[in-house]
Structures are given as C-alpha cells and as structure tokens.
Amino acid sequence: MITINKHYEKLAKSYLFVDIAKSVRTYQEEHPDREVIKLGIGDVTRPLPPICIEALHAAADDMAEPASFHGYGPEQGYDFLRSAIAEHEFQARGVKITADDIFVSDGSKCDTGNFQELFSPELRVAVPDPVYPVYVDTNVMAGRTGPFSDGRYAGLTYIAGNRENGFVPPPPSEEVDLIYLCYPNNPTGAVATKEQLRAYVDYAREHKALILFDAAYEAFIRDDSLPRSIYEIPGAETCAVEFRSFSKTAGFTGLRCAYTVVPSTVQAWKPDGTATSLRDLWMRRHTTKFNGASYPVQRAAAAIYSDRGRREVRELTDYYLENARVIRRGLDTLGLSSYGGINSPYVWVDADRPSWDFFHLLLDKAGVVTTPGAGFGPAGEGFIRISAFNERDKVESAMDRIVKAVSTS
Ligand code: PLP
C-alpha cells in the first residue's frame, strides 16, 4: 500500500491567492468594461536587462558549435558565475566569501524550502509572522510541527513583527535551533539594521543555532548603512546561510537563477555532539538532487556583473522603487500609515480595519488588487501588501483610483 507522508495532511489549505482570484473574477464579471490593476503579486513586469538578452543569445550560439557546446555543468554552478558573485556581491563590500561558498541553483524558493532537509526532525524552528509561507510549509512537510489552528502550527515559534518593533522583531525569548529571517522583508518591506541583525547572530552563536537569511530583495537597498548581507555582521560566517536570487534583482522570475551561500566556517552538530561542516553536507545534498542551472541562464546572470550590467540592474530596480514612491505618496495623501517601500519593492499598509475588508474596498471601489496581510499570518491582520512590481502608468492610475475611492468611502 502506498501510504502518504502523514505530515502533508497537516498543511493548512492556502486559500489566499485562490480567494483573491475568485474575488477578482466576480468583480470582472460585474464590471466587464473596467480594467483591473494588479498590485497583488510579487512578480516582475519589466523585460530582462539588455545585457542579459545579449548574453543569452551568445550562449545559444555557443550551444550550436561542438567546440563551445555545454552539456551537464558543475552542479554547484560554473566558476565564471560563482567567482563573479563572490567578488562583486561580497568581497567588494569587505565580506570574505569565496566562490567555493556559492551554490548556484534555479531559484530561492527551492533553496529556502530544501535547506531544512539537512537537519533533524526534532529541531526547534522559529519563523517570522507575517511570513513568506515556504519556510513554514516545508517544515510542516518535514514533520517539525503539530496541527494547524488559529493561523499557526503547534510546535513552531513565531516571531511577530508589529508596529512597535517596526516589523523587525527581536530574537525569541525561548531557545530555538533554526531561525528564518528575510530582509528586505516580504511582505512588510522592513529592512533590519546591523544592530538588529547582530542580536540574531549573538543569539545563534550563544545557542549553537543556525540562521537561514533570505536576501532575495537585497538589490533594492539604497541606504548604505543597511546591511545587504548577513555576513556584514562579524560572526555570521559561523552561524548563517544566505539565500540570494536573480529573480527580483534582474527580472529572472521566468528565467530562473539563484544561489545559496554556505561559508566553510558554518558548523552543525552530529547526534553525538561532534561538529561537522554544513557546507560539505549541503554539497552532498545539492550534487545528489540537483543537476545544475542551465549554461545560457548562468551566462545571463554573470552578465550583470559588468559595469554595464550593474548600471542596467540599477535602472531596473530604481524603476520599481520609483513605483513604490508613487504608492507611498498616494497613501500619504490619504493619511494612511505605511511601512517599507523605501529599500524594498513592497509597501505594507496599516489598513485600520480587517485586511479583507480593505482588500474588498480597494477592489470593489477602485478596481485595484492588493494582498490582504492576514494571508501571511495572524500578525498580518489589519494590513495589506501593495507590490511595486508593475508598469508605471498602471501604478499611477491605481493610486489615483485608490485615493478617490478611500477618500469618498
Ligand atoms: N524568497 C522570498 C522572500 C520571496 O518573496 C521569493 C519570491 O517571491 C523567493 C524567495 C523566491 O525567489 P525565486 O524566484 O528565486 O524562487
């Protein structure tokens, strides 16, 4: 008898995007002539940087000739990309990460989801609330939680972001072994300072815990005093793994390329208490279960590390940050408090009423789709997320409509 992993039965049905889609469908049936503007999902809309397109074409030509053809590549990624990442993303900022610490993949969703598989099922896990759901669901699948009730799983430690802590909660008061962090944050757009991250690094070192730091949105940081990498905090190289992605940085959501950083100095412990290298363990897992990101895609990713590539990526991320500014300006006009949207493409809006009520008001009266904060966890109730990933004219007209709808409601 083929029996299923019983932990899958604990997974709460995720109705968030299904319910949003249903509401949008109903609205469209009732208002067939009105264009719905979507500021709900976190997917990019702008084309790839031209330099990446050129690199893709050149790599396709390489594949056409026996002398330059590429079959299976190294599972960890080609050295041309790993070295460029280490040099430009880390060493240029004074961080001692080498190419050997970089594992290239086809996405941070898989990397953040898969990494927990290296650890014992008994691990005590802390996740943020509100949260990018992948961290939670993959731990549920692995059997590290009890049942779901009132929006939370028994057995997980939730670290709640709120107005008081500016959506950067301090480390938990109880002892945990694995901590997920995400800055700039999805969904709140908050960014942790060096001092706030230092508290987590100190906690992890004291408790022999590990931090999984998701930096998928680091390219949106403009304030130079804010850390782009957890490795800017001394000591993090012993207790943190970092996830980065080209998805939002360079518009690769449809192309797929990301990487995980596991410094050789990060330790984990065997059941008998002896220390072991986490990098070796991840290498074993990665080379067993993954066969490398494609050659043309890695060429396109490496292209962003030229002077021109850096300029084009900057223009791309600036475009979305300007959208975020337009969003914040509209919210200011309404006197609504908002967070994020300065070093991040997400604006987190204090709705001053239940999330879904505000979502429906914006959809029904303005024809604009947002994401109810309650869908990211109980601490998201009372907020909505507005995404800056859309075309400028759409963002401008969405905000005009929102201002009109809310001020007359
Ligand atoms: N991490 C966070 C916080 C995200 O919001 C997303 C995508 O929205 C990802 C990771 C996934 O990135 P990728 O496209 O590399 O799988």
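This is a predicted model: local features need pLDDT of at least 70, side-chain atom pairs count only at pLDDT 80 or more; totals for chains, interfaces and linings use all residues.

**Ligand shell**

Residues are numbered from 1 along each chain as its sequence is written, and side-chain values use heavy atoms, with hydrogens and water left out.

Next I looked up distances from ligand oxygen atoms. One is 2.6 Å from an N or O atom in the side chain of Ser-247. The side chain of Tyr-217 also has an N or O atom 2.7 Å from a ligand oxygen. With Ser-108 it is a polar backbone atom that lies 2.7 Å from an oxygen of the ligand. The protein covers 91% of the 400 Å² of accessible area that the ligand has on its own (Shrake-Rupley method, 1.4 Å probe).

**Largest pocket**

I checked where the ligand sits: the space it takes is the largest pocket (the test is that more than half of its atoms lie within 2 Å of the grid points). Helices (H or I, at least four residues) and strands (E, at least two) are DSSP runs, numbered from the N terminus.

On a 1 Å grid over the protein atoms alone, a pocket is an open set with protein on both sides within 12 Å along at least five of seven lines, a cavity is a set of points where a 1.4 Å probe fits but cannot get out, and lining residues have an atom within 4 Å of a point.

I noted about 1,300 Å³ of space in the largest pocket (points are joined across faces, edges and corners, and the volume is what probe spheres set on them fill). Of its 46 lining residues, Phe-17, Tyr-132, Pro-133, Val-134 and Phe-376 are the closest to the centre. The element that gives the most to this lining is α5, with five residues. By class, the pocket lining has 23 nonpolar, 11 polar and 12 charged residues.

**Cavity**

How many cavities of 30 Å³ or more are there? I counted one, and the largest cavity holds about 80 Å³. Pro-128, Phe-167, Pro-169, Tyr-183 and Asn-185 are the closest to its centre, among 13 lining residues. β3 and β7 (178-182) each supply at least two residues of that lining.

**Backbone and a loop Glu**

I found a cis peptide bond from Tyr-183 to Pro-184, with omega near -5°. Another cis bond runs from Asn-186 to Pro-187, with omega near 20°. Pro-184 is in the loop between β7 and α6 (194-207), and Pro-187 is in the loop between β7 and α6 too.

I also looked up Glu-391, in the loop between β17 (383-387) and α12 (392-407). Its side chain makes a polar contact with the side chain of Arg-46 at 2.6 Å and with that of Thr-45 at 2.7 Å. A polar contact here is a pair of N or O atoms within 3.5 Å; within protein, one must be able to donate a hydrogen and the other to accept it, and residues adjacent in sequence count only if both atoms are side-chain atoms.

Technical notes
Ala, Val, Leu, Ile, Met, Phe, Trp, Tyr, Cys and Pro count as nonpolar, Asp, Glu, Lys and Arg as charged, and the others, Gly among them, as polar.
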